[in-house]
Amino acid sequence: MSNDFEDNDFEAIGSGDSPKETVIKLPPLSEKAQQKAKRKRRIIFWLKFTGFCFVLFLVVGIIGLAGAFFYCKPRYDLAHSFDLSELEKVEVASRIFDRNGDELGRIFVQNRRPVTLDGVSDNMVNALLAAEDSRFYEHTGVDYWGILRAVYYAARSKEWNQGASTITQQLAKQTFELKDRTMSRKVTEVFLAQRIEKALGSKQKILELYLNRIYFGSGYYGIASASEGYFGKDPSRLSVAEGATLAACIPNPYHRSPRSFPETSIRWRNHVLARMEAEGYIDKDTLKRSQEVAIRTEEKKNITGKSAFVYEKVRQEVIELLGDETVSKGGFHIHTTIDGNVQSIAESALQEQLTKIEQDPDFTHSTLAQYKAKKAEFRKSASPDQTFPAPEYLQGAILLVENKTGSVIAQVGGRDFSDSMFDRVNQGSRPVGTAFKPFVYAAAFESGRFPGTLVDDTPMDTRQVMVGGTTGILGEWGPETFDNTYENRITARTALAKSKNAATVRMGQKIGTEPVVALAEAAGMTFEGDLKKFNATFLGRNPASPEDLCLAYTIFPNNGRRPEKTHIIANIKDSAGNLIYTPNINLKSGAVIDRFTAYQINSILEDTFDTDLGGTGAKAREKYGLGDFPVAGKSGTEYNFTDNWFVGYTSEVTCVVWAGFDQTDRIYLGAFSSDTVLPVWTKIMNAAAEHFEPRAFLPPPDAEQVEVCLRSGELASNDCYETVEKRDGTSSQIRCTYIEYLRPGTDLENICHIHGRGGSRMRNLTKQTQGGPLRATYIVEDADPVFPIAPTVIGTDDPYGSVQPVIRARVAATVITATPIEEAESEPVDGNGIPLARPVMTQTGSEDLPAQRVQLPPPRAIEFD
C-alpha cells in the first residue's frame, strides 16, 4: 500500500530541544468546492440568524403580549364594569307649565328633550354620518381604517384634522365621562365601544342615544333642544343646511355655534355639506343651493321661564319637595297655579308704570336705564371676580292669589332678576301704610261697633301718633290727595272709604291697640318689638311682606278665614306620567273675624271705588278703566311717600301691588298710591276677571237689614233728604241713606237727629233668609237723645287737647245744607311734605265758643202753649 504523503509534506515545528509538532497542509480546494462551502456557511448563518430572530421575536412577542395583556386587562375589565343601562339615562329638563298647560320654563342642568330616531330628519342623520362616522354601518364599534386614514392625513397636513373616534366611541365617552386624553382612556373606549355594539345590536338605537345626548352649544343638549333653540322647529323638519349646521357644531360646540359665531358656523357647515356630497347623500345641485343659504337663528329664549322670579320660586319648592338628587334626574312635568296670560300682563304693567314714575319731574333717584348703562360700562373693564353694586333704583312687587286656596296666579318679585335676585314678594318687608286700616275697623266691628258708628274727623295732635315728629297736627296723606278737608263727625264707613288718618286713629283708640294687633296677627301679619303698643300701628307703621298682607286680606272675601299659605305648584308628574305630588290645600281652622264683620268691610271697601263718594280707589274706574264687576280694595300710602301699596280683591282673587325702594327713601313728594300702583292693580284685576269671574259680595243670610242715614249714622227717618245742586243751577232733593247689614243684636236704636226728630222707635228689621225676607219686630223704649249745650270735657283719651270740643244743637227736622266758610290759611303740606287737611271754619258770634266745622242753623224757637 503506497503512502499518499511524501516526506516534504511534513514540517517540524519547534525550536531547541522541544519536540516538534507536525502540521499537515491540505491541498487547496477547487473553486467549485469553495463556492459550495460559502453557500453552506451562508445558509448556516441565516438559519442561525433566523432562529435567533425567531427566538428573539418570540420572547419579545411573549413579553409584549404578556405586557399588553396585563396592560389591557384592567382596561377591559373597566370597560365591562360600566352599567350599559346608563346609556338610556340622560338628564331630561323638567318642564314647568302654567295652569293652562302652556310651558313657562324648564329646570335643568342640561337642557334636553329626548326624541326617537323616527322624529329626526334624515337630513340631520346623513349630515351626522358624513361629518362624524362615514363607515358607521360597516364597523363594529371601532373603525381601524378610519384610524389609519386619520393618521395618514395628519402626517400629510402636519395637524390632526380628522377624528378617529366612531359615533359609538363618542357615545361611550360622553355617557361614562371618559374625558382624559390618555392611551389608557382610548383603550378603555375601544373595548367599551365594542361592548356597546354587541350589547345593543342596533345601529339605529346607537344613533338615537347619541343624538339625544350630544351637546350642540348655546346650552342645548340633544337634537330636539338644539333644533328648537337654534331654528325654532321640531327636529323632524330640519333642512339639509340646518342639519349640516348642527352636525358641524359637534366637534366644537362653542366656537361653531350659529348664534354666537355665524361666520365660523357657515364655513364648517359648508365643509359638512361637501362631505355629504362626497358620501353620496346629496347631489351637486343640492350642495350648491345649501351652501348659499344664509343662517337664520331664532332669538334665544329665556328657557328658565317667562319670569325668573316665578322660575326660581318653583325651582326652590320642587327641590324642597323632592330633594336635589331626585330633581337632578329631571324629566318631571311640574304644573303650576300660574296663569301665563295674567303673569305676562302683571310683568309688563309693572315695568311700564315704574318707568313712567321715573319720568316724573319730581323723581330724583337713579333710574333703571341709568343703572343698566353703568353696569354695561363696568363689564367692559371688570375682571371676572369683580361685582357691580346692587341696584338702588325704584322697585315693585305683585302677588295675585286665589282666595279659597292660596294658589298663586301671578307673582313678580322685582324689576330685573339679573340685577337683584331678592324676591320682594316673599322676602321683602316694608311698612304697609294706610293699607292696614281695614284691620282697625274690623277690630272695631268685632267689638260691637258697625259701619254707621260716628267718629270725629278733626285735626289731631301728631304727638298722639308720633308719626313724622312731635309737633303740629297729624298729616292726612291717607285720602290720597292734597285737597282734603276735615268733615267733622263722619261714619266709620266714610272714614275707611276715604282713608281718614285722624278718624282711624280715634277709632283705634276707642278699642285699643291690643284687639287690633291680635286680629292682624291672627290674619297672618307679624309685629316686632314694642311698635304694636303705640297708636302708629293704626296707620300701618308695622312692616309686612306682600305675601303676608295679601293673605291677611283674604279674610274679608272668605267670610273671616284665610288659606294656611300660598302655593305655586299644582302637581308634579314623573317622566312616566305618574302623579307624585299634589298640595294639601286647606283654609286655616278658625275664623279671624265673623261673617258679619267680613261683609261690612267688603261693603265699605267697595265704596272705595265710588266716584261720587270720592274713595281712594275711585280713579280705578274713572281714569284707569276698571271693569264693571264687584271689587273691593284699599290704597296704602306710607308716611313721607316711601312705600305705595294697593290691595284689593274680588270674590275669587286678591291682589297686592307694592312700589318703593329696598332701602327706605321717598319716591317723590305727592307719590300717592292711587297714582302710582293703582293703574297696575287695575290692569291685573281686569285680566284676572276674565278667568276668575267675580261674584257679588252677599251679606250673611241672618244679617239684620236697616236703613241708615249717611250724615248721622243713625236709623233713617222719613226726612233724611238733602239738597243737591245740579249743573243747570237747579236743585233737587235726594235721599241721603243707604242699607246697612248688621249682626243680630247690634245696638242701633236712635233715629237720625240731623234730619228727623231724634229719639228711638220701633225698628222693622229685615232678616235675609234663604226662603225670602222675614219681618222681625224689635220694640225699643222711646227716649229723647240728650245733646250737650256746652263744650265737652275730654278726659285722658286726649291728653294734648288736640280734639276741639263740639257744640251740638237740637236741629229742626228740615233739610239743611251745610255751608262751608272760607278755609283757614295754612300751608298745604307740613315740613315733611305731608298733606294737611284744611279745617272748615265758621263764625260763631262769640269769641268764647270754639270754632265749628260746619255752620249749624239757629235752634228752632220753642213754642209754648
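Reader: Which residue in strand 9 is the bridge partner of Leu399?

Author: Four bridges join strand 8 (residues 395–402) to strand 9, and the two run antiparallel. Strands here are DSSP runs of E with at least two residues, helices are runs of H or I with at least four, and both are numbered from the N terminus. In strand 9, Leu399 has as its bridge partner Gln411.

Reader: What pLDDT do local features need in this model?

Author: Residues count from 1 along each chain as its sequence is written, and side-chain values use heavy atoms, without hydrogens or water. The model is predicted: totals for chains, interfaces and linings use all residues, side-chain atom pairs count only at pLDDT 80 or more, and local features need pLDDT of at least 70.

Reader: Which strands stand at the edges, each with a single partner strand?

Author: Five strands form an open sheet in the order 9-8-18-17-16, with antiparallel pairing. Two strands pair if DSSP finds at least two bridges between them. Each edge strand has one partner, so one of its sides has no neighbour in the sheet; the two are strand 9 (408–412) and strand 16 (632–637).

Reader: At about what angle does helix 20 run to strand 16?

Author: Angles run from 0 to 180 degrees between N-to-C directions, and axes are lines fitted to C-alpha atoms, for helices over the stretch in contact. Helix 19 (residues 546–553) lies across strands 8, 16, 17 (643–649) and 18 (653–660), at about 145° to strand 18. Helix 20 (residues 595–607) lies across strands 16 and 17, and its angle to strand 16 is about 70°.

Reader: By how much are neighbouring strands turned on average in the sheet 4-3-7-14-15?

Author: That open sheet of five strands has mixed pairing. Its edge strands are strand 4 (103–107) and strand 15. Direction ignored, its neighbouring strands are turned against each other on average by 25°.

Reader: How do helix 2 and helix 9 lie to each other?

Author: Their axes come within 8 Å and cross at roughly 90°. Angles of 65 to 115 degrees count as roughly perpendicular, under 35 as roughly parallel, over 145 as roughly antiparallel, and the rest as oblique. Helix 2 and helix 9 are therefore roughly perpendicular.

Reader: Which residues in helix 9 meet helix 2?

Author: Contact means heavy atoms within 4.5 Å. Helix 2 brings Asn123, Asn126, Ala127, Ala130 and Ala131. From helix 9 come Val272, Arg275 and Met276.

Reader: How many charged residues does the contact of helix 9 with helix 10 have?

Author: Helix 9 (residues 262–278) and helix 10 (residues 284–292) pack at about 170°, with axes 10 Å apart. That makes the two roughly antiparallel. Asp, Glu, Lys and Arg count as charged; Ala, Val, Leu, Ile, Met, Phe, Trp, Tyr, Cys and Pro as nonpolar; the others, Gly among them, as polar. Beside three nonpolar and three polar residues, the number of charged ones is four.

Reader: Is Leu207 buried or exposed?

Author: Leu207 lies in helix 6 (residues 203–213). Leaving out residues up to four places away in sequence, Leu207 touches Leu117, Val125, Leu128, Leu129, Phe136, Tyr137 and Ile167. Buried means under 20% relative accessible area, exposed over 50%, and partly exposed in between (1.4 Å probe, protein chains only). Leu207 has 0% relative accessibility, so Leu207 counts as buried.
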